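Please open the structure in your viewer and keep the selection tool at hand. The tour below goes from one selection to the next and says what is found at each stop.

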Amino acid sequence: MNKLEALVALNKVGGIGSVKLNKLIEYFRSPEGILRAPYERLSSVLGIKDRTAERIVALGKEGVKEELLFAEKMGLKILTIEDKGFPLNLKSIPSCPLVLYVKGELRPEDNFSIGIVGSRRASFYGLSQAQEFAFGLAGQGFTVVSGMARGIDTYSHKGALKAGKRTIAVIGSGFNHLYPEENRGLAQEISENGAVISEFPLDAKPLPQNFPRRNRLISGMSLGVLVVEAAKNSGALITADFALEQGREVFAIPGKIDTANSFGTNELIKQGAKLVTNLNDVLEEFNLPSLSLDKKPAEVKLIPKAVEEDKVYGLISNQALQLDDLVELTGMDIPSISGILFRLMVRKLIRELPGKHYTRYS
């Protein structure tokens with residue numbers, strides 16, 4: 001058995017992360033040495049339970065070869081931490097995965113990633129914000145990372161894809177059990193414009209205990225995590241907790257105080273997460289010259305369809321127009337105008353100048 005085969009085999013055991021693996025390698029010199037060790041020696045290593053030792057001893061070569069063969073037939077790459085394409089951001093997190101199954105392509109620019117997560121039972125407002133923020137952030141060079149779950153995750157991936165940019169889905173199951181089933185087509189589209197990744201063996205089912213492990217990879221892949229909507233004790237809050245442990249930035253979009261899906265995001269803000277009301281709130285945190293809002297990506301271009309957006313967009317020209325002027329010309333109130341202006345800015349149709357002046361991109 002070579003090193004890759006040994007790591008794939010150990011990954012199939014379950015319950016062995018990078019911390020335990022390093023202990024075992026320190027004792028047995030290599031992953032291959034771990035598999036050659038008898039039960040008595042394995043169970044004597046501090047932190048290795050008897051059940052884990054039994055599973056390691058019971059591993060067979062045939063199961064590993066079959067796993068590698070099926071992965072190849074499915075067009076998957078299997079990466080270890082020593083491989084060139086292994087995500088750099090993941091190498092620094094506690095309990096880095098032993099292996100990654102990858103459908104698609106991971107690139108060096110994916111180290112400049114942002115996670116976007118939230119409720120599976122999101123509101124229309126939450127879904128639209130997820131898509132618009134993903135669209136805008138992808139247009140500024142971020143790879144959008146999410147979990148391909150229903151709701152916020154799905155729309156985050158769609159926003160990046162709509163911008164014609166890269167997105168990565170981290171799944172909480174093996175590739176033989178893509179979840180949810182209705183996102184199978186989305187998974188294919190993501191793999192063609194980024195990657196779908198999993199640390200789980202091919203036959204691993206989408207069990208509840210898998211998703212916190214999935215969440216730590218979403219934050220681990222990213223420089224920061226934006227929480228769009230999250231109920232109390234939701235998976236999105238687990239992702240935010242992992243982000244804090246990993247030294248990542250945490251952002252949250254505030255919500256209505258009487259809405260269950262806003263409890264988590266509002267609580268995060270109370271605890272110190274950065275409150276986000278527009279794209280600039282995220283961009284300024286990274287303080288990078290390449291994230292100038294004055295730079296218009298040629299690929300990111302949408303035409304506003306809503307009647308109100310058409311009306312406001314039609315009034316804004318290359319000559320700067322102030323917010324008060326827009327209120328007077330449209331007869332709308334400030335909150336309504338502000339929401340429309342934000343959506344137009346996210347879509348890269350207009351930009352904001354000092355003093356609440358707005359102009360079209362030239």
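**Confidence first**

Begin by colouring the chain by confidence, since this is a predicted model; the protein averages a pLDDT of 87, and 93% of the residues score at least 70. Then select residues 288-305, where the pLDDT is below 50, although this stretch has 42 contacts in the model beyond near neighbours in sequence.

**A pair of helices**

Next, select residues 124-139, which form helix 7, together with residues 152-162, which form helix 8; these two pack at an angle of about 35°, and their axes lie 7 Å apart. Helix 7 passes helix 8 in a right-handed crossing. To see where they touch, show the side chains of Gly126, Leu127, Ala130, Gln131, Ala134, Phe135 and Ala138 in helix 7, which meet Ile152, Tyr155, Ser156, Lys158, Gly159, Ala160 and Lys162 in helix 8. Sorted by class, the residues of this contact are eight nonpolar, four polar and two charged.

Now move to an open sheet of three strands, which has the order 10-12-11 and antiparallel pairing. Strand 10 (321-322) and strand 11 (350-353) are at the edges, each with a single partner strand, so one side of each is left without a neighbour in the sheet.

Select strand 12, residues 357-360, and compare its pairings in turn. With strand 10, strand 12 pairs in the antiparallel sense over two bridges: Leu321 stands opposite Tyr358, while Gln322 has His357 as its bridge partner. With strand 11, strand 12 is joined by four bridges, and these two strands also run antiparallel; here Tyr358 is the bridge partner of Glu352. Strand 11 and strand 12 form a hairpin with three residues between the strands, and in this hairpin Gly355 takes a positive phi near 80°.

**A salt bridge across the chain**

Which residue forms a salt bridge with Lys3? Select Glu82, and the closest N and O atoms of the pair will be found 2.5 Å apart. This pair links distant parts of the chain, 79 residues apart, with Lys3 in helix 1 (residues 3-13) and Glu82 in the loop between strand 1 (77-80) and strand 2 (99-104). A search of the whole structure finds 14 salt bridges.

Note on methods. Residues are numbered from 1 along each chain as its sequence is written. Side-chain values use heavy atoms; hydrogens and water are left out. Axes are lines fitted to C-alpha atoms, for helices over the stretch in contact, and angles run from 0 to 180 degrees between N-to-C directions. A crossing is left-handed if the near helix is turned anticlockwise from the far one by less than a right angle, and right-handed if clockwise. Contact means heavy atoms within 4.5 Å. Ala, Val, Leu, Ile, Met, Phe, Trp, Tyr, Cys and Pro count as nonpolar, Asp, Glu, Lys and Arg as charged, and the others, Gly among them, as polar. pLDDT is the predictor's confidence in each residue, from 0 to 100. Two strands pair if DSSP finds at least two bridges between them. A salt bridge is a side-chain nitrogen of Lys or Arg within 4 Å of a carboxyl oxygen of Asp or Glu.
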